[in-house]
Every structure is written in C-alpha cells, then in structure tokens.
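Open the model in a viewer and keep the sequence panel at hand. The stops below are given in the order in which to select them.

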Amino acid sequence: YPTTASIRDGVACPAAVPIEIAALLTELRDPFRTLILFVAVTGLRRGELFGLKWEDVDFHEAEMRIVRSIVDQVEGPPKTLASRRPLPMSSELMSALDNWRQHSGYSDPGDWVFASPQALGMKPYWPDAVLKRHVLPAAKRAGITKRIGWHSFRRTLATLLQSSGASVKTTQELLRHSSPVMTLGTYAKAVTADKRSAQDAIAALFIGPGLE
C-alpha cells in the first residue's frame with residue numbers, strides 16, 4: 001500500500017488513488033465495503049447514497065434511479081433536476097449490490113439499501129457515524145493518513161474520469177451536473193502529469209525537427 005495518501009478533499013493522483021481505494025475496501029466488511037465501492041464508482045452525494053432503496057435499483061436494466069436525498073434522517077428531493085437522471089451500474093457494482101442484498105436483513109423493495117439495524121431498518125445509517133466508526137479507522141489501517149470525507153469520493157471520481165480520457169459530456173452525465181461548466185470548473189481538476197503532457201505537446205510544435 002502507498003505510504004502517502006492521495007485522497008484529500010477530492011484532489012487526487014490518479015495513479016495512486018485506485019490502489020488506495022482497493023486498500024480501503026480490503027479493510028471494510030459489508031455493508032460498508034459495498035457502500036464505499038458504490039460511492040467510489042458512482043460519485044453519489046451522501047444524501048443520495050444513503051437515500052437509496054432497493055426499489056430504486058434496476059438489476060435488469062443495470063441502472064439506478066435517484067429519487068430522494070436523506071439529510072439528518074429527513075427525506076427530501078435530490079439536489080437538482082439533473083440529479084434525478086438514472087445512472088448506469090457496472091457489472092462489478094451490480095454483483096456487489098446483489099451479494100449485499102442476499103445478506104441484508106432488509107431486502108424488500110421498500111427497504112433502504114443501507115438500512116441501519118439499530119433503527120430496525122426504518123432508517124438508513126447516519127453518514128457521519130459510518131465515516132467516523134468504520135471508514136476512517138479502515139483508512140488508517142490501510143495507511144491512508146490524509147483527510148477523507150464523503151465528497152472526496154465524488155471529486156476523486158471526476159479527476160479519475162478526466163485522467164482516463166472520459167469526455168466532459170460523459171463525466172457530466174455520470175456526475176449529473178446540469179452544466180459542463182460545473183464539471184470542468186469545480187470537479188475535473190487537471191492532474192500535474194496531464195498538464196506536463198499538454199505542455200510537451202505545445203513545445204513540440206515549436207521545437208520540432210530542424211527547429212532546434
């Protein structure tokens with residue numbers, strides 16, 4: 001595992017972050033392992049993540065619907081109209097969710113995906129409690145020492161998408177931004193290596209064969 005973490009307030013080094021997230025996942029048990037895999041792959045806002053019910057997950061069509069957000073255990077609508085767009089689910093994510101559903105004590109369509117046993121399934125887990133009691137201790141065991149918050153995963157996903165060559169449109173759709181300006185200006189922070197590559201490409205225009 002890396003000795004220095006790259007997840008911090010969503011500013012990430014793409015080469016290191018997948019290793020770090022994998023290390024974090026190995027230190028977690030379900031439902032928290034599936035929960036972190038889910039937010040790392042989808043970039044859901046924490047209210048949307050904990051507001052999911054099984055009826056929102058369509059395993060046949062491999063997509064999920066974002067129809068509510070939970071804030072301080074109070075149910076409300078998603079942040080924006082764009083937030084309501086259905087999201088695709090990868091096969092790995094569907095497999096993890098299906099496995100968790102089989103082991104969960106709350107697997108009916110109207111049940112919360114991440115239902116709290118302490119609340120007898122009537123409420124989802126508290127995000128801050130999950131972070132403090134499970135995610136941060138697991139990160140410490142994995143050698144990740146810098147600050148992690150729920151929004152870190154959303155920002156990290158945007159950076160990884162950009163670094164992997166995903167288009168602005170694809171990134172916008174996956175993060176469900178209403179405008180590409182938000183995607184580019186707030187989340188998709190260019191990585192230093194990408195900046196150097198861009199500079200090298202421009203320099204090559206000036207210093208080519210016969211121009212040195």
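This is a predicted model: local features need pLDDT of at least 70, side-chain atom pairs count only at pLDDT 80 or more; totals for chains, interfaces and linings use all residues.

**From Asp72 to Pro127**

Next, draw a C-alpha to C-alpha distance from Asp72 to Pro127: it is 8.8 Å, for two residues 55 places apart in sequence. Pro127 belongs to helix α5 (residues 127-141). With a relative accessible area of 11%, Pro127 is buried. Select its surroundings, leaving out residues up to four places away in sequence, and the contacts are Arg46, Phe50 and Trp150.

**The core**

Keep Trp150 selected. Trp150 is one of the residues with the most contacts inside the largest nonpolar core, together with Leu24, Ile36 and Leu49. That core has 41 residues. The elements giving two or more residues to it are α1 (17-26), α2 (32-42), α3 (46-50), α4 (91-103), α5 and α6 (150-163). Of these, α2 gives the most, with seven residues. In soluble globular proteins, nonpolar side chains tend to be buried together.

Now center on Leu49. Beyond four places in sequence, Leu49 touches Leu35, Phe38, Val39, Leu44, Phe114 and Trp150.

**Helix α2 and its ends**

Which residues of α2 are buried? Color the helix by accessibility: the buried ones are Phe32, Thr34, Leu35, Ile36, Leu37, Phe38, Val39, Ala40 and Thr42. These make nine of the eleven residues of α2, so the helix is mostly covered.

Step back to the loop between α1 and α2, where Pro31 is found. The peptide bond joining Asp30 and Pro31 is cis, with omega about 10 degrees. Most peptide bonds are trans. Then go to the other end: α2 is followed by Gly43, which has a positive phi near 70 degrees.

**α2 against α4**

The crossing is left-handed. On the α2 side, select Thr34, Leu37, Phe38, Val41 and Thr42; on the α4 side, select Leu93, Ala96, Leu97 and Trp100. These are the residues that make the contact. By type, seven of them are nonpolar, two are polar and none is charged. Residues three or four places apart in an α-helix point the same way, because there are 3.6 residues a turn.

**Last stop: Leu120**

Where is Leu120? Look in the loop between α4 and α5. Leu120 is exposed, with a relative accessible area of 63%. Its phi is near 55 degrees, a positive value in a residue other than glycine.

Conventions: Residues are numbered from 1 along each chain as its sequence is written. Side-chain values use heavy atoms; hydrogens and water are left out. Helices (H or I, at least four residues) and strands (E, at least two) are DSSP runs, numbered from the N terminus. Buried means under 20% relative accessible area, exposed over 50%, partly exposed in between (1.4 Å probe, protein chains only). Contact means heavy atoms within 4.5 Å. A nonpolar core is a set of buried Ala, Val, Leu, Ile, Met, Phe, Trp, Tyr and Cys residues joined through side-chain atoms within 4.5 Å. A crossing is left-handed if the near helix is turned anticlockwise from the far one by less than a right angle, and right-handed if clockwise. Ala, Val, Leu, Ile, Met, Phe, Trp, Tyr, Cys and Pro count as nonpolar, Asp, Glu, Lys and Arg as charged, and the others, Gly among them, as polar.
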